[in-house]
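Visitor: I have a few questions about how the terms are applied here. Please walk me through the model.

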Amino acid sequence: MATVAFREVHKSFGATKVLHGISLDIAEGEFVVLVGPSGCGKSTLLRMLAGLEDIGGGQIAIDGRVVNDVDSKDRDIAMVFQSYALYPHMTVRDNMGFSLKLRKEKQNLIDQRVANAAKILNLEPYLARYPRELSGGQRQRVAMGRAIVRDPKVFLFDEPLSNLDAKLRVAMRAEIKALHQRLKTTTVYVTHDQIEAMTMADRIAVMRDGRIEQLGEPLELYDRPANLFVAQFIGSPAMNVFDGTIRNGSVEALGSRWPTAVRGAEGQQVKYGVRPEHLEPAASGIAAQIIVVEPMGAETELVVKIADATLTVMTRGRSSAGPGERIFLAPQASHAHLFDAATGLRIQPP
Amino acid sequence: MREARLWLIAIPILLWTLLPIYHIFLFSISTKDSAFSGALWPAKPTLHNFGTVFRQEHFYLHDFWHQIWNSVWIACATGVLTLVVATTAAFAISRLKVKGGRVVMNAALFTYFIPAAFLAVPMYKAMGTYGLLNNRWSLVLAMVTLASPYAIWVLKQASDRLPWELDEAARIDGATPLQLFHLVYLPLMMPSLVAIGTYALLLAWNEYLYAFLLLSNNIPLAVGLGHFLASDDSPWELLMATALIYAVPPAAIYYAFRRYMVGGLTAGAVKT
């Protein structure tokens with residue numbers, strides 16, 4: 001277990017700046033997820049921590065020791081790659097024990113560590129197999145096993161679940177989380193999938209264009225997104241956002257009045273945001289026309305039209321409404337998010 | 001219909017290729033008198049010629065075993081040395097991304113613009129300068145020089161196709177470049193290495209011109225065969241029997257490694 005600190009970390013590839021001074025402190029045993037769209041710099045940041053990429057400027061410290069000029073192998077980290085990066089010519093046992101073998105550890109210690117990791121990951125029956133003889137999920141577990149046997153200070157995950165199918169991804173997500181709860185090793189996890197971030201992280205850093213847009217606990221990001229980008233990136237289906245104007249304590253938008261707890265200046269241009277599950281149908285309120293009904297069993301997603309905007313509504317249970325029907329939506333002021341139209345920054349309610 | 005047309009092309013090509021080989025075979029199982037009879041099959045086929053060759057019972061065959069040993073030695077040394085040069089070069093260029101690596105590779109390939117025959121005399125001069133003439137190493141070094149650019153290129157293409165993450169994983173696991181080379185790189189490159197080793201080996205085995213120029217009495221069998229034609233009354237049946245024996249090892253090697261030859265040599269042909 002160790003702390004990790006990024007201090008004003010910069011990186012450029014040629015003339016292109018990819019990281020603009022990232023600062024981030026990760027506590028001992030914390031599980032931090034770096035999430036963002038592709039090209040936001042999250043993988044570069046992770047690779048710099050791993051020592052696979054030079055640090056352009058600033059400092060990276062592991063357990064208080066600045067590692068800018070320390071070789072990957074001397075940073076005491078282990079990394080799980082998206083492509084697994086298992087050695088194809090080695091058995092599962094040899095793959096997992098490779099790092100210890102390089103460190104010239106005694107064979108019985110290697111065997112013991114590998115056996116232990118195999119037990120944790122349910123890989124015992126596969127130790128003599130080659131990677132090509134394993135399924136995607138098993139390969140991913142071997143990659144994790146390879147990281148575990150080293151007992152490193154920090155685990156690094158680079159989009160480890162992207163190559164798996166949806167069902168397996170959910171299962172592996174839970175396994176990684178359980179593993180972290182068991183080993184309590186500091187973990188930095190990179191993904192572009194906000195659901196992975198939400199479900200696994202102690203804290204999430206949402207990144208865009210080489211900057212951290214917001215850092216916080218998953219529900220904090222969900223409930224109080226710092227800006228429009230975070231608001232729309234976190235949450236699935238995404239938050240409904242449309243233009244409006246503050247008038248008499250509420251927001252005038254799409255030909256209706258939308259409630260808000262924010263007391264902005266009269267006439268101020270804003271973006272009004274409301275999550276799909278906070279737009280439940282009611283007996284009266286803002287009129288909307290249903291375009292598509294998507295039943296999912298436990299809940300139903302409705303795509304509705306208000307004026308010329310398309311919004312998503314999430315209702316609990318099942319809906320008897322059909323396409324073309326009119327419904328009423330009654331959003332609550334406490335669930336509304338307001339953002340400055342010009343800057344995209346959140347306008348805090350008092 | 002398509003297949004029929006294919007056969008129409010394949011059969012003449014096959015006959016064209018096999019006819020000389022059939023001729024060699026025919027001579028080698030004929031007696032001296034019937035060798036030039038023009039028959040498609042000798043009246044009294046015999047294996048006597050092979051016995052004569054193996055027992056070195058002819059003026060031109062006195063050094064048969066010595067010469068074939070020279071051929072084996074030179075071919076194997078060329079194969080191994082080419083592999084050492086090409087593998088390390090390809091690893092440095094493709095995996096360690098050594099600065100100027102590509103330039104070196106392209107410069108090496110550029111040497112193929114000059115026909116090997118033109119280089120023979122300068123090579124002779126160079127070997128003379130280093131006192132290597134009539135030393136088997138001179139031919140080995142010359143052959144390695146000729147084989148290396150192609151070998152480096154093929155191995156570089158093949159190693160470009162190995163996933164980069166493997167190197168990174170190995171680095172994080174604590175591997176030094178040398179450990180990466182022999183614990184990860186070499187095992188994964190094995191098919192290409194077999195193909196390239198075989199290529200260099202056969203190149204040296206089949207070489208005549210350089211062998212003829214660089215070696216005078218410590219010669220490989222290829223040059224020894226040439227000596228048969230030194231007199232007006234050449235023992236053609238023995239020459240052909242020896243030639244047939246000489247052709248067996250490359251055919252056997254090619255057959256044994258054919259899987260690697262096709263896969264390994266075309267592996268780098270296209271980027272996939």
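Guide: Start with contact: two residues are in contact if their C-beta atoms, placed from the backbone, lie within 7 Å. By that rule, five residues of domain 1 of chain A are in contact with five residues of domain 2 of chain A. Of the residues on the domain 1 side, three are nonpolar, two are polar and none is charged. Bear in mind that this is a predicted model.

Visitor: Why are α4(A) and α5(A) called roughly parallel?

Guide: Take the angle. Helix α4 (residues 136–149) of chain A packs against helix α5 (residues 166–183) of chain A at about 20 degrees, with the axes 11 Å apart. Angles under 35 degrees count as roughly parallel. Therefore α4(A) and α5(A) are roughly parallel to each other.

Visitor: Is the crossing of α4(A) and α5(A) left-handed or right-handed?

Guide: α4(A) passes α5(A) in a right-handed crossing. On the α4(A) side the contact uses G136(A), G137(A), Q140(A) and M144(A); on the α5(A) side it uses L168(A), M172(A) and L179(A).

Visitor: What makes three residues of that contact polar?

Guide: The class rule. Gly counts among the polar residues. The contact of α4(A) with α5(A) divides into four nonpolar, three polar and no charged residues.

Visitor: How many residues does each chain bring to the contact between chains A and B?

Guide: Chain B brings 14 residues and chain A brings 17. On chain B, α7 (164–173) and α8 (177–205) each supply at least two residues. α7(B) gives the most, with seven residues. The chain B side holds eight nonpolar, two polar and four charged residues.

Visitor: What are the confidence scores?

Guide: The model scores ipTM 0.83 and pTM 0.82. Chain B averages a pLDDT of 89, and 96% of its residues score at least 70.

Visitor: Which stretch of chain B stays under 50 in pLDDT?

Guide: Residues 267–272 of chain B do. The model has seven contacts beyond four places in sequence for that stretch. Where pLDDT is low, predicted coordinates should not be read in detail.

How values were computed
Residues are numbered from 1 along each chain as its sequence is written. Chains are lettered from A and ligands numbered from 1 in the order in which they are written. This is a predicted model: local features need pLDDT of at least 70, side-chain atom pairs count only at pLDDT 80 or more; totals for chains, interfaces and linings use all residues. Axes are lines fitted to C-alpha atoms, for helices over the stretch in contact, and angles run from 0 to 180 degrees between N-to-C directions. Helices (H or I, at least four residues) and strands (E, at least two) are DSSP runs, numbered from the N terminus. Angles under 35 degrees count as roughly parallel, over 145 as roughly antiparallel, 65 to 115 as roughly perpendicular and the rest as oblique. A crossing is left-handed if the near helix is turned anticlockwise from the far one by less than a right angle, and right-handed if clockwise. pLDDT is the predictor's confidence in each residue, from 0 to 100.
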